[in-house]
Amino acid sequence: VYLVGAGPGAADLITLRGWALIATADIAVVDALADPALWDGLPIEIVPAGKRAGDHGMAQDDIHAALIALARAGKAVVRLKGGDPFVLGRGSEEALALAAAGVPCVVVPGVSAAFAAPALAGIPLTHRGVADAFTVLSAHLADGGPALPPFDPRATLVVLMGVANRALWLPALAGLGYPADLPVAWIEWAGRPHQRVLRTTVAHAAVAADAFALKSPAVAVVGAVAGLPPCGVEAP
Ligand SMILES: C[S@@+](CC[C@H](N)C(=O)[O-])C[C@H]1O[C@@H](n2cnc3c(N)ncnc32)[C@H](O)[C@@H]1O
């Protein structure tokens with residue numbers, strides 16, 4: 001089983017290695033966020049296993065069982081996951097389940113939305129003299145909720161899966177020392193034609209996200225880098 005990172009949105013942001021594997025595999029078990037253009041016209045069977053907020057898709061154990069059964073049936077299997085398989089995507093659980101079943105698993109890294117979504121919006125996560133570190137975290141309640149770090153003026157905070165419970169974690173920033181005027185950016189559907197970018201501040205982020213009708217998937221960037229002039233073109 002090839003555990004392949006699909007990249008952050010646009011089909012051509014997959015790696016060459018990942019794409020070559022899709023082009024030659026028998027079957028792909030795919031996440032909801034993978035762009036269907038990746039397998040368009042290819043003679044490959046597609047099994048949707050996607051999970052989106054409020055929709056649980058295939059249970060994780062069923063995904064493990066399906067991957068193991070397909071591999072044992074002699075199929076060349078691609079497990080295609082959004083972004084990078086080992087960044088907040090349960091890819092490592094799948095790799096461990098395959099190993100426990102004695103099924104060889106090869107990991108092909110992907111371009112994570114954690115840094116690609118900001119880049120596609122012209123926001124660098126580090127910038128000399130502004131930020132020299134970044135923290136990436138999940139705000140998903142099932143992952144234990146957002147483990148927000150205290151404010152560090154030299155570090156950028158990147159929040160994944162933070163749309164649905166934004167009313168929980170955005171107001172908590174002030175109590176952790178984040179200044180009210182600190183820039184915040186949301187990048188929604190990064191890399192797709194309908195990508196949208198919302199630029200706001202800690203004080204206004206929750207109200208602004210409501211007014212923007214922000215939807216998942218989106219990445220939040222909290223820090224001074226989100227207030228730099230756009231570094232590059234905003235829309236793909
Ligand atoms: C389950 S995590 C998977 C992350 C993935 N493994 C990665 O490395 O990008 C899903 C979250 O990634 C972010 N995400 C993934 N694709 C995105 C996109 N095209 N635009 C904006 N955010 C995206 C969102 O925060 C979404 O809730």
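**Close-up 1. Arg-79 and its salt bridge to Asp-31.** In this predicted model, Arg-79 has a relative accessibility of 0% and therefore counts as buried, a class that covers residues under 20% relative accessible area, whereas exposed means over 50% and partly exposed lies in between (1.4 Å probe, protein chains only). The side chain of Arg-79 meets that of Asp-31 in a salt bridge of 3.1 Å, N to O, a salt bridge being a side-chain nitrogen of Lys or Arg within 4 Å of a carboxyl oxygen of Asp or Glu. Because Asp-31 lies in the loop between β2 (27-30) and β3 (45-48) and Arg-79 in strand β4, the pair ties together parts that are 48 residues apart in sequence; helices (H or I, at least four residues) and strands (E, at least two) are DSSP runs, numbered from the N terminus. Asp-31 also counts as buried, because its relative accessibility is 19%.

The model is predicted, and local features need pLDDT of at least 70, side-chain atom pairs count only at pLDDT 80 or more, and totals for chains, interfaces and linings use all residues. Residues are numbered from 1 along each chain as its sequence is written, and side-chain values use heavy atoms, with hydrogens and water left out.

Close-up 2. Strand β4 (77-81) is mostly covered, with 5 of its 5 residues buried. Val-77, Arg-79 and Lys-81 point one way from the strand, while Val-78 and Leu-80 point the other way. In a regular strand the side chains alternate between the two faces of the sheet. Strand β1 (residues 2-5) pairs with β4 in the parallel sense over 4 bridges, where pairing requires that DSSP finds at least two bridges between the strands. Strand β2 also runs parallel to β4 and is joined to it by 4 bridges. Leu-80 of β4 is the bridge partner of Val-4, and Val-30 stands opposite Leu-80 as well.

**Close-up 3. The salt bridge between Lys-81 and Glu-94.** The side chains of Lys-81 and Glu-94 meet in a salt bridge, at 3.1 Å from N to O. Since Lys-81 lies in strand β4 and Glu-94 in helix α3, the pair ties together parts that are 13 residues apart in sequence. Both Lys-81 and Glu-94 are buried.

**Close-up 4. The salt bridge between Asp-132 and Arg-154.** Asp-132 forms a salt bridge with Arg-154, and the closest N and O atoms are 2.9 Å apart. This pair links distant parts of the chain, with Asp-132 in the loop between α4 (113-120) and β6 (133-138) and Arg-154 in the loop between β6 and β7 (155-160), 22 residues apart. Asp-132 counts as exposed, at 53% relative accessibility, whereas Arg-154 is partly exposed, with a relative accessible area of 37%. Elsewhere, salt bridges that share partners join Asp-31, Arg-79, Lys-81 and Glu-94 into one network.

Close-up 5. Ala-226 lies in the segment after β10 (218-222) and is buried, with a relative accessible area of 4%. Leaving aside neighbours within four places in sequence, Ala-226 is in contact (heavy atoms within 4.5 Å) with Ile-123, Pro-183, Val-184, Ala-185, Arg-199 and Val-221. Ala-226 and Arg-199 are 27 residues apart in sequence, and their C-alpha atoms are 7.5 Å apart in space.
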